[in-house]
Amino acid sequence: MKIDWAALGSVFGVSLVVTVALVALFTLGIAGLSRRERAAAQGGSAALAVTGAYVCFAACAAAVAYGIHLIVA
């Protein structure tokens, strides 16, 4: 049996980059919700931060769904 080390390294690199990107995107969503809490405590509105948070969470969900689709197909 021969192992294609270049392909294995490529898969590792792509999975590492995608994992870091998903964590960063989820972190941005959490930060957006945190700004909402901070604005509510100060009596303001943070509609843009909440919208951005929901967009980040939707992008995370879409990326996970696409990954599951790639595995199943």
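Is Cys60 buried or exposed? Cys60 counts as buried, at 10% relative accessibility. The model described here is predicted.

## Overall form

The protein chain has two helices and zero strands. Its radius of gyration is 18 Å, well over the 11 Å that the globule rule gives for 73 residues, so the chain is more spread out than a compact globule. The C-alpha trace can also be described by its extent along the principal axes, which is about 65 × 20 × 10 Å.

Of the 73 residues, 12% count as buried. The chain exposes about 5,700 Å².

Helix α1 covers residues 5–42 and contains Phe26. Helix α2 covers residues 47–72 and contains Val64. A search of the whole structure finds one aromatic pair. Phe26 and Phe57 form this pair, with 5.2 Å from centre to centre and 55 degrees between the planes, and the arrangement is tilted. An angle under 30 degrees would count as stacked and one over 60 as edge-to-face, so 55 degrees falls in the tilted class. Phe26 lies in helix α1 and Phe57 in helix α2, so the pair ties together parts that are 31 residues apart in sequence.

## Distances between the helices

Leu28 lies in helix α1 and is exposed, with a relative accessible area of 53%. Tyr54 has its place in helix α2 and is partly exposed, at 48%. The C-alpha atoms of Leu28 and Tyr54 are separated by 9.9 Å, although the two residues are 26 residues apart along the chain. Leu28 and Val55 are 27 residues apart in sequence, and their C-alpha atoms are 9.8 Å apart in space.

Ala24 is another residue of helix α1. Ala24 counts as partly exposed, at 39% relative accessibility. Between the C-alpha atoms of Ala24 and Tyr54 the separation is 14 Å, and these residues are 30 residues apart along the chain.

Leu16 also lies in helix α1, and at 44% relative accessibility it counts as partly exposed. The C-alpha atoms of Leu16 and Lys2 are separated by 24 Å, with the two residues 14 residues apart along the chain.

Cys56 is in no disulfide, and its nearest cysteine sulfur, that of Cys60, is 7.0 Å away.

Cys56 is buried, with a relative accessible area of 12%. Cys60 is buried too, at 10%. Both values are under the 20% limit for a buried residue.

## Charged and nonpolar surface features

The count of salt bridges comes to one. Arg36 forms a salt bridge with Glu37, and the closest N and O atoms are 3.2 Å apart. That distance is within the 4 Å limit, so the contact qualifies. Arg36 is partly exposed, with a relative accessible area of 33%.

A nonpolar patch on the surface is formed by Val64, Ile68, Ile71 and Val72. Together these residues have about 440 Å² of accessible area. One of them, Val64, lies in helix α2. Val64 is partly exposed, with a relative accessible area of 46%. A residue needs over 30% relative accessible area to join a patch, so Val64 at 46% passes that limit.

Methods:
Residues are numbered from 1 along each chain as its sequence is written. This is a predicted model: local features need pLDDT of at least 70, side-chain atom pairs count only at pLDDT 80 or more; totals for chains, interfaces and linings use all residues. Side-chain values use heavy atoms; hydrogens and water are left out. Helices (H or I, at least four residues) and strands (E, at least two) are DSSP runs, numbered from the N terminus. The radius of gyration is taken over C-alpha atoms; the globule rule is 2.2 Å times the number of residues to the power 0.38. Buried means under 20% relative accessible area, exposed over 50%, partly exposed in between (1.4 Å probe, protein chains only). Accessible areas come from the Shrake-Rupley method with a 1.4 Å probe; for residues, only the protein chains shown count as cover. Patches are made of residues with over 30% relative accessible area and no salt bridge: like charges are joined within 9 Å, nonpolar side chains (Val, Leu, Ile, Met, Phe, Trp, Tyr) within 5 Å. A salt bridge is a side-chain nitrogen of Lys or Arg within 4 Å of a carboxyl oxygen of Asp or Glu. Rings of Phe, Tyr and Trp (its six-membered ring) pair if their centres lie within 6.5 Å; planes under 30 degrees apart count as stacked, over 60 as edge-to-face and the rest as tilted. A disulfide is a pair of cysteine sulfur atoms within 2.5 Å.
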